[in-house]
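Hi everyone, thanks for making time this morning.

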Amino acid sequence: FHREAKFQSSRHLCDSAFDSQGEGARSVPLSGHVGFDSMPDQLVNKSVNHGFCFNILCVGETGLGKSTLMDTLFNTKFEGEPMQHSQPGVQLRSSTYELQESNVRLKLTIVNTIGFGDQINKEDSYKPIVEFIDTQFEAYLQEELKIKRTLHSYHDSRVHACLYFIAPTGHSLKSLDLVTMKKLDSKVNIIPIIAKSDAISKSELAKFKIKITSELVSNGVQIYQFPTDDETVAEINSNMNGHLPFAVVGSTEEVKIGNKMVKARQYPWGTVQVENENHCDFVKLREMLIRVNMEDLREQTHTRHYELYRRCKLEEMGFKDTDPDSKPFSLQETYEAKRNEFMGELQKKEEEMRQMFVQRVKEKEAELKEAEKELHEKFDRLKKLHQEEKKKLEDKKKALDDELNIFKQKKTAAELLQSQAQQAGGSTTLKRDKERKK
Amino acid sequence: HSVHFKLLIGVFQQRNLEGYVGFANLPNQVYRKSVKRGFEFTLMVVGESGLGKSTLINSLFLTDLYSKEYPGPSQRIKKTVQVEQSKVLVKEGGVQLTLTIVDTPGFGDAVDNSNCWQPVINYIDSKCEDFLNAESRVNRRQMPDNRVHCCLYFIAPSGHGLKPLDIEFMKRLHDKVNIIPLIAKADTMTPEECQHFKKQIMKEIQEHKIKIYEFPDTEEDEDNKLIRKIKERMPLAVVGSNVVVEVNGRKVRGRQYPWGVAEVENGEHCDFTVLRNMLIRTHMQDLKDVTNNVHYENYRSRKLAAVTCNGVDGTKNKGQLTKSPLAQMEEERREHVMKMKKMESEMEQVFEMKVKEKKQKLKDSEAELERRHEQMKRNLEAQYKELEEKRRQFEEEKVNWEAQQRLLEQQKLDVTMEKNKKKGKIF
């Protein structure tokens, strides 16, 4: 006897089986119960033993009830006090909690944006968020690239879902919302929600949702779509896709309705019940986010957003899959090529530096030679001047000597005359003297 | 199935409790997605021809893997060891499995069997290489997992112990793939012979430090008891059959002998059911996980370490394996940059020093010249002064003499005048 497949959906899986390796995998019938239908159970058991991990990022202005919503969703009081509006910039604070339900352990990380929307200039508000998401991707990428790695025990910190809290103005999205969501939509699964939606009336809400959706579409913002490719959940998911963005109300306070205590917010005019689907979309959010699509959110993060990040990062570093002739590179070739390129670069740099030094030495030598030359020239000039001075002095000396000589000559001549005159006059003087004496 | 069912009930019970969040439904989500994806498994069978490998596969998977259109390797005579794979698609209970059976015809059949394990090693490594390359691409798509998840090694039922070839093969492959040794054609031994044989084999395996696949302990004690029981029966002695015979009104797979029927699925006849349960029903996923987390990672880290340490002197600290090759290159780059900086600063220092020296020399030379110039200037000035003095003296003398001369002249003139007066020449 034969047992055929009960699942008819596997046509595309047949295709994939044919695609692998280009060889066809032929279908063979089984003549009994082999038992590999336990494979999903084996897989599930392993993952239950391993525990699960989920990371939610809450983006929204201060006071939109992000923390309260998390508390309500997970039915726990997570730590933290309400934040003030006076933060200098946008900061991200993440906390990790270990939750357990039945035999399922969940490591839940909630990341809150603190101070979002509080600044006067919000141009850079999205940056810390993008940086945070990228940092988690980078950490995973680094682990994945290590030589000795432990991926299966790695604590995955990548953001699996981003709940974007829209202020319940009832009119439209703020430009900060559009800018931020546009920057995030290729990096994370965005689920937009209308916060504190008990401030909006039913009719306004419908219009608000339509406005938001059309603005997202016209601005090309890709929000997360609940997957419709698996028949088991296709219907509920496509139905829910039509209710986005979810209008939620959060509350950890309980109010007695009938004979039950329910989570609610009490107003003079009535009580908003969180888990009443007529009052708000909280139940829808919980259903989609946690009960139906948590695993898909993780998968999308890994296979789409992370792969995109990784691809961009590797391309940035110059990695390619094929060489210029479109032949595929093997890993070895790629690394070796990279390494050779890199070594070549280093050597070039070294050479450049050496050359630069040689150049500098040359220049400095020339400079110093120039200085030396100048110095010598200066002193040559001085020497020349000095020579001239000396010459002048010599001339003067000579002149003086000449004068002196002339004078001497004159003097000698005069003295000679005088002595001659004296001799002659001497006798006269003598005569006179003699006469006087007579 | 039972586990899954348990979970579902648990979920429903929980749902009725207050404050049920719902992430307990995660396992169901995982279940659903895995069924959609389908499963793949690659099983390798190694052993001499005639040990019933193909028959065992057919018995395990209750199918005719090798048929007239797709004859098994045993029908063909090989001169050298070949490695051949057959891929089939089987479905059961909504679960789809792509099963690849890798056969090694010719293994151990030659007279000289040295290196007959090499084609096997090459095959396993090449599948790891494919996966590594696919995983390392920039554009990654769905990566089919064709790595060998399990290797069933068939031991001939000699009753004595392992052959040298058995030991050699297992020692070389135990770091590359999960090995499950099987005693083939177990219906040729009595239970006592089989028991003895098993003990002997396990002893030798331990002696040679061969690492065969180990069943992991689970959280539940019950399962652990079962696992311990299985471990006691290792290596599993199996019988396979393509034929269904009738025994006491039941249709069973078995081998018909004149003295009775050796039933494949009878736990008292052989360990086939143990093997099937373990290989397919309980540990198939674990075999894949160990392949992925241990054997493949070993291959990968060996490959990448070879790439990065290529060209670098062997004295490099190989403990750097915690980094990726890129990080390694980064580090090398940084080291090189530091080295260059040091070299640069050294060269700079030498340069500065030389410049200082030269400048100092220049300064000294300048000072010297300056000094000499000063000296000459002073010399000159002194001479000037001297000259000045001389001139002054001369001038003074001249003036005096001239004054004297004038006086004399005057005197002379006076005398002459007196004379002339006396002579009456003047009135």
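Here is one to start with: is B:Q29 buried or exposed? Keep in mind that we are looking at a predicted model. B:Q29 turns out to be buried, with a relative accessible area of 1%. You can find B:Q29 in helix α2 of chain B, which covers residues 26–37. Apart from residues up to four places away in sequence, B:Q29 touches A:I290, A:R291, A:V292, A:N293, A:M294 and A:E295. A polar atom of the B:Q29 side chain lies 2.9 Å from the backbone nitrogen of A:M294.

That brings us to the interface. In chain B, 127 residues are in contact with 127 residues of chain A. The area buried between chain B and chain A is about 12800 Å², and carbon and sulfur atoms give 61% of it. On the chain B side, B:F23, B:E92 and B:V138 lose the most area to chain A, together 7% of what that side buries.

Now for the polar side of this interface. Between chain B and chain A there are 50 residue pairs in polar contact, and the count of salt bridges is 15. Helix α10 of chain B, residues 325–422, gives the largest share of the side that touches chain A, with 40 residues. Sorted by class, that side of chain B has 51 nonpolar, 33 polar and 43 charged residues.

Let me show you some of the salt bridges. B:E135 pairs with A:R149, with the closest N and O atoms 2.7 Å apart. Another is formed by the side chains of B:E397 and A:K411, at 2.8 Å from N to O. This pair joins two chains, because B:E397 lies in helix α10 of chain B and A:K411 in helix α10 of chain A, residues 331–437. B:E397 itself is partly exposed, at 37% relative accessible area.

Other salt bridges stay within a chain. B:E265 forms one with B:R276, the closest N and O atoms being 3.4 Å apart. B:E265 lies in the loop between β9 and α8 of chain B and B:R276 lies in helix α8, so the pair ties together parts that are eleven residues apart in sequence. B:E265 is partly exposed, with a relative accessible area of 40%, whereas B:R276 is buried at 5%. Salt bridges that share partners also join A:E144, A:E307, A:R310 and B:R140 into one network.

Over in chain A, the side chains of A:D71 and A:K77 meet in a salt bridge at 3.5 Å, N to O. Which of these two is buried? A:D71 counts as buried at 6% relative accessibility, while A:K77 is exposed at 62%.

Staying in chain A, have a look at A:L99 in strand β3, residues 91–101. A:L99 is buried, with a relative accessible area of 13%. Leaving aside neighbours within four places in sequence, the contacts of A:L99 include A:F74, A:T76, A:L108 and, from the other chain, B:F23.

Finally, back to chain B, which has ten helices and nine strands. Buried residues make up 46% of its 427 residues. In helix α5 of chain B, residues 164–173, the buried residues include B:L165, B:I167, B:F169 and B:M170. Among the elements that cover the buried residues of this helix are β1, α4 and β4 of chain B.

That's my tour, so over to you for questions.

Notes. Residues numbered from 1 in each chain as written. Chains lettered and ligands numbered in written order. Predicted model: local features only at pLDDT ≥ 70, side-chain atom pairs only at ≥ 80, totals over all residues. Heavy atoms only, no water. Helix = DSSP H or I, 4+ residues; strand = E, 2+ residues; numbered from the N terminus. Buried < 20%, exposed > 50% of the residue type's maximum accessible area, 1.4 Å probe, protein only. Contact = heavy atoms within 4.5 Å. Buried area = accessible area lost by both parts, 1.4 Å probe. Salt bridge = Lys/Arg side-chain N within 4 Å of Asp/Glu carboxyl O. Polar contact = N/O pair within 3.5 Å; in protein donor to acceptor, adjacent residues only side chain to side chain. Nonpolar A, V, L, I, M, F, W, Y, C, P; charged D, E, K, R; others polar.
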